[in-house]
Structure formats: C-alpha cells, structure tokens
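Here is a chain to look over, fold first in pieces and then as a whole. Have the viewer open while you read.

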Amino acid sequence: MSRPRQIHLAAHFPGVNSTTVWTDPSAGSQIDFASFEHFARTAERGLFDYVFLAEGLRLREHKGRIHELDVLGRPNTLSILAALAAITEHVGLVGTLNTTFNEPYELARQLATLDHLSEGRAGWNAVTSSDAFHGANFRRGGYLDHADRYERAREFAALAKELWDSWPEGGVRADAATGDFLDDGVPARVRHSGPQFDVDALFDVPRSPQGRPVIVQAGDSADGRTFGAEHAEVIFSLHTGFDDARAFYDDVKGRLAGYGREEDSLKILPAATFAIGDTDDDARDRARHIARQQVRPEVALTYVEQVWGRDLSGYDPEGPLPDVEPDTGSETARGWANRHAAVRARIAKLRELSETEGLSIRETVIRLTATPTFVGTPSRIAAEIDRYVQERATDGFTVVGHLTPHGLDEFAERVVPLLQERGSYRRSYEDGATLRDLLGLPAPTAPRGAAVPLTSPALAAR
C-alpha cells in the first residue's frame, strides 16, 4: 500500500483578521511577546510547518474612527520573527511584507538575515497594495496604479531572488591557512534595470542555510494566480469549500509547467477555521457561540455600511437588510472601474441570501464571514482535512484560531494526533530540517559564482 500524501499545516497568528475575538474573557494580548511565544511553541509542539504573521501598514478606519479589530495595533513582523527564532528550534517563521512600499535590496537582506538567524526557517508572504489609503503613510503616497501592482511585485520577487542567488553555496571559504575568505567572483555583481527598479549591487548577506527564504503568496485575481505560479512556493488561499478548493488547486498547479515547474514545487494551504466539540451537536453550538462573538451587532452594521457606502446606523442589526440604494460616488471618484455595478451585484446576492433563508443583517454577515471551515468532533475534522489532501483539493491548511494566544491549543492537542494515526502527518521533526525541508520543496539552485538572470517572461518581453 502506498504511503498517503503528507499533510502540511501552517498556523496563522490571530490579531489582524476578522476571526479574532478579543472580547472573550480568555483572550490575551495581541502585542505582548508572551502571546507570540505561546503561539509559536504550540505550533512547534503540534509539528506545524510554520507560523504565519499577517501585517498591515495602516490601521483600518471606519467613519473617521479606528476599526475595533485594530485597536491593539500591528507590531512589526520582522522584529517578532527574529525574536521567535531565538526561542524555537524547528517551526518555520513566515511574515507578510509588502512589495509596493518596500525596496528589493533592503527587504532581501532583512529576510536573508532572518534565514541565517533561524538556521533556514524563514519565509516571506509577498503582498501588494495599490490604494492611496495605505500609501498615505509613505513618501510616494498612492503613486502606484492598481494595474501596476503585480508588475512591480513580479519584478520585485525576481530581483530579490537574483540578489539571494548572487552568493553560491560554499562561496565563503574562510581558509585560515591560505588567507582566502571568498571564492573568486563571489558575490556576483547584480545589475538590474527595469520598469520599477534600477539596482547595481553586491549583496552583503551570504547565501542562507536553505538557499533563499520560502516565498508565500495570497493573491487570487488572474494576475495574482500568475504571480503565484511564477514565483510562489506556498499559496495562502481563501478557497475552503471542497469543490472550490480543488478547482483553484487545479488551476494554479496547471500553470506551473509554463514556468518550468513541477507540481510539488508549490504547496496550496487555504485558511481554515474550526469549531471542535465532543459531539457534532456540541461543535455546532460552539460554532454559533464563536460566530456571535465575532460578529457583534455593531460589527454587522460596519460590514453592511462598508458595502452600501453610507451611514446605516438607524437600522437594527437584528432586522432585515437595508432597503436603500448604495452610495458608490466616493469610490467611483477614485477611479475604481465598474464600482457601481459590482456593488449592486454584491448587494443583490446579499439580499437573495437574506430573503431566501430569512436572515437578519447580523445573521447574513455571520453566514458570510464567520462560518467555520470545519465543525465537528476531532475525528470528523481530521478525516475531512485528510480527504482534502488525499483527493488533491489542497496540500494542507493554514489553521486560523479565534483566540489570542490559545486559539491553536485545542487543534494541536486533539486533531493533530488523529492525523498522525492516519499516517498522513509527521510524528517528529527531522534534526536540522529547513522550512523547505518541512514543506517538501526543492532546493533552489544557482550557478556557482554567478548571479542568476531574471527569468520572468513578463520582464523578458520588455
């Protein structure tokens, strides 16, 4: 009998997402290091591939006030991961870092440094941003057109890889007898001139233990999927329904051959929320309780106000959806193509859902934003996770708990052992394994003593 496909699990630190319940009496700080430490140690105890930190470059606002999910702030990702590298031994460390408001050379050296400090456990979730809301925090403001964000991201990623690969493996000789520290031609000079960046550099961080950090990506648009197929090694998707997940898996994996890549060179790990109970009924009751914590009345109104683009404070969250038309003028003025039609189509779907099932505003928002991916006993959840992986709908999941920092505890203690019993999840870490090793990714190769040229078809065509 052949060995089952192995499940890959990542752990998403709660804090910058709509699942977090900071009002629960057992919730802790989203910024104290003790919370990050507990979370990372739990992930390592559960033998996860990596912990994953989201990052936002600006606090969200609504009607001139800070959105409540961000009231505790968004600490710097790289600082946290560097600290976690010192108190963990095996689990990978992946951070979200923006390609729009960073520069390739500086970010590449920061990530290479983290890869050295962690002995090969670093990863980079490469994200883009095109709006002036985030851009207002930066010197260039909202300078980047929406259509150009992935052009910049592709060039950014290609240049970062070229910088990392400019140091070959073994290029540092440090031969005390001969006095030779580097091989001849190391590091290779990187000269790049493109639409977004002009760089002439000798990269100042030697090749890291896993060659270069693992690149993670979360884009779902056509451009995002193309970027993922070209550069990503893990995709964090939002496609969690089985048929939807398998369609996304087939689509993105089917693009890999066009970039000379094999299926196993990319792992797809959708976000997965959960509610565990001793019985299925217990789990469903718990899921409802968590959902009502996540979507309190004022949160439900905020959601529909953002869709309708108008003040709806006079509406009862426990009543029907607003019967007024949306205000799309402010977004249309910013140049968002087809904003009016898109909003109307979205509202039509909300109304159809609400009317068909007799849902209030709050219940509708719960259905859309707070329905767990997996609900049931530990054995039921383990069986479903295994089914997704064995039938090639995913390569695993990015587990998202609802509490800081204990949201991962129950999953690690009750579900992971059952996955191990199925033979589809590791029982221990291998000593010295890098993040690439944990994910089963191929090692990157670079010509000895020479920089790797940009290989992006999009760039080569320019």
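Helices here are DSSP runs of H or I with at least four residues, strands are E runs of at least two, and both are numbered from the N terminus.

A word on ground rules: this is a predicted model, where local features need pLDDT of at least 70, side-chain atom pairs count only at pLDDT 80 or more, and totals for chains, interfaces and linings use all residues. Residues are numbered from 1 along each chain as its sequence is written, and side-chain values use heavy atoms, with hydrogens and water left out.

Back to H3: which of its residues are buried? They are Pro104, Leu107, Ala108, Leu111, Ala112, Leu114 and Asp115, where buried means under 20% relative accessible area with a 1.4 Å probe, protein chains only. Down the axis of H3 these residues fall within an arc of 155 degrees, so they line one face of the helix; the arc is taken from the directions from the helix axis to the C-beta atoms. Their cover includes H2, S5, strand S6 (122-127) and helix H5 (149-164). After H3 comes Glu119, with a positive phi near 60 degrees.

Now the sheet. Nine strands form an open, parallel sheet in the order S13-S12-S11-S6-S5-S2-S1-S17-S14. Strands S13 (267-268) and S14 (271-272) stand at the edges with a single partner strand each, so one side of each has no neighbour in the sheet. Helix H2 (residues 77-87) packs on this sheet, touching S2 (50-53) and S5 (92-98), and its direction makes about 170 degrees with that of S5.

Two strand pairs, for a side-by-side look (strands pair if DSSP finds at least two bridges between them):

| Pair | Sense | Bridges |
|---|---|---|
| S12 and S13 | parallel | two |
| S7 and S8 | antiparallel | two |

Val234 has Lys267 of S13 as its bridge partner, while Val172 stands opposite Leu182 in S8. S7 and S8 make a hairpin with four residues between them, and Gly179 in the turn has a positive phi of about 80 degrees.

Zooming out, the chain has 16 helices and 17 strands, and 52% of its 462 residues count as buried. Among contacts (heavy atoms within 4.5 Å) with a separation of 6 or more, 76% are between residues 24 or more positions apart.

Methods: Buried < 20%, exposed > 50% of the residue type's maximum accessible area, 1.4 Å probe, protein only. Axes fitted to C-alpha atoms, helices over the stretch in contact; angles between N-to-C directions.
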